[in-house]
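Hi,

Here is the structure I promised to pass on to you. Could you have a look at it alongside my notes?

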Amino acid sequence: MKEIILIKNGELVLKGLNRNTFEDILIKNMKKALRDIGEFKFTKSQSTIAVESVDGEADLDDATEALKRVFGIAALSRAAVAEKDMKSIKGIAKEYLAEELSLAKTFKVEAKRSDKQFPLKSPEIARDLGGFLLSKFNHLKVDVHNPDVTVTVEIRDTHAFIRGNNIKGAGGMPVSTSGRAAVLISGGIDSPVAAYMMAKRGIELVAVHFASPPFTTELAEEKVMQLLHKVARYSGPITVYVVPFTEIQTQIRDKCAEEYFTIIMRRYMMKISEILARHQNCSALITGESVGQVASQTIYALGCTDAAANMPVFRPCIGMDKEEIIKISRKIDTFETSIQPYEDCCTVFTPRHPKTRAKLEDVIAEESAIENSDELIKEAAENARKTVIK
């Protein structure tokens, strides 16, 4: 029995004349996701893409799991291929859906007929197949409103496809259809979630991590790489820069008022990240900040931080509470890694009484105490270590 995977595009159907371009990018991303599983053929038809193993040897269980993480896919389903006659459709439906139907109590049949030459209309196909399945699975009852299993038959130009329930996809837009942005990534819970959420909107990711040895350890950096590997399962490859930040943090500690430490540190991070972002043709920065979560994330502090950047700053977690962010981190499997007790540079020299209602002019005045600021920023960007996570 020949089996394929059917992909439902979701938002892409709204893209009008640009739809083909978006679908081509989605197929490119699917190929990347499946590259270690086997060689696949992709066929576009209306709002569906059929994915078929070229040699029939690829593991479709593994392929399904990989495709569930590809942004741009609203839903997917495994489907059996049948000849375009009711005898073939009935026989294959009985065999292919046996396990799924044996575990169900209720079902219904839906039919879609794009080939108008097929002798039966859609309601007739559904009635015929539904009656046949009822006769073979005596425990089943029909429920057209809330069935355990929805059996769908699609009559296409060359074949019929038979499938059971849809599998929920990752949704969103295909990565790289919305440009590129640099995410400031720490070892905490929030920034990997922010990276995931912006990748879901089609943004290709570059990551910037700040390391401050000996105040931070290699284990903290390794933790960040583990987090990015988990995000990359959804986003695809991520170019990562690890920025040496010790000298800058030491200068802030020695020359600035303690209550401004965190805000000034974040401003330096923005300036360095923007240099690296522009080098990678990024058009925005991404952070994991949420209003009011900590003292450096008041609207006053965020305003002072944003003033250091000359490109848009996206904060997808800005209106979320911690429980909402944790829920997503568990979904994408970053939570347990994020809570490992390896401190990042954001926890270095944390002020005892941080300024929560900072004024930009006061922050700039404090910052001016660091006389060689431009040189420090340039040196940190030039000495950043670059790697690529796939």
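This is a predicted model: local features need pLDDT of at least 70, side-chain atom pairs count only at pLDDT 80 or more; totals for chains, interfaces and linings use all residues.

The largest pocket has a volume of about 710 Å³. Its lining is made up of 36 residues, and those closest to the centre are Ser186, Val294, Gln297, Asp344 and Cys346. H9 provides the largest share, with four residues. If you sort the lining of the largest pocket by class, you get 15 nonpolar, 15 polar and six charged residues.

The second largest pocket comes in at about 530 Å³. Here 23 residues form the lining, and Lys32, Ala33, Ala232, Gly236 and Pro237 lie nearest the centre. Helix H1 (19-33) and helix H7 (218-235) each contribute at least two residues to the lining of this second pocket. Its class make-up is ten nonpolar, five polar and eight charged residues.

**H9 against H13**

How do the axes of H9 and H13 cross? The axes of H9 and helix H13 (residues 360-367) come within 10 Å, with a crossing angle of roughly 80°. That angle falls in the 65 to 115 degree range, so H9 and H13 are roughly perpendicular to each other. On the H9 side, the contact is made by Ile263, Ile264, Arg267, Tyr268 and Lys271, and on the H13 side by Leu360, Val363, Ile364, Glu366 and Glu367. By class, this contact between H9 and H13 has six nonpolar and four charged residues, with no polar ones.

**The sheet**

Six strands make an open sheet of mixed pairing, in the order S14-S13-S10-S11-S12-S15. Which strands sit at the edges? They are strand S14 (313-314) and strand S15 (385-389), each of which pairs on one side only. Further in, S11 and strand S12 (residues 238-244) run parallel and are paired over six bridges. H7, a contributor to the second largest pocket, lies across S11, S12 and S15 and runs at about 160° to S12.

**Two backbone details**

Most residues other than glycine have a negative phi, and most peptide bonds are trans.

- The peptide bond from Pro213 to Pro214 is cis, with omega near 5°. Pro214 belongs to the loop between S11 and H7.
- Asn281 is not a glycine, yet its phi is positive, at about 60°. You will find Asn281 in the loop between H9 and strand S13 (285-286).

Happy to talk any of this through once you have had a look.

Best wishes

How values were computed
Residues are numbered from 1 along each chain as its sequence is written. Side-chain values use heavy atoms; hydrogens and water are left out. On a 1 Å grid over the protein atoms alone, a cavity is a set of points where a 1.4 Å probe fits but cannot get out, and a pocket is an open set with protein on both sides within 12 Å along at least five of seven lines; lining residues have an atom within 4 Å of a point. Grid points are joined across faces, edges and corners, and a volume is the space filled by probe spheres set on the points. Ala, Val, Leu, Ile, Met, Phe, Trp, Tyr, Cys and Pro count as nonpolar, Asp, Glu, Lys and Arg as charged, and the others, Gly among them, as polar. Axes are lines fitted to C-alpha atoms, for helices over the stretch in contact, and angles run from 0 to 180 degrees between N-to-C directions. Angles under 35 degrees count as roughly parallel, over 145 as roughly antiparallel, 65 to 115 as roughly perpendicular and the rest as oblique. Contact means heavy atoms within 4.5 Å. Two strands pair if DSSP finds at least two bridges between them.
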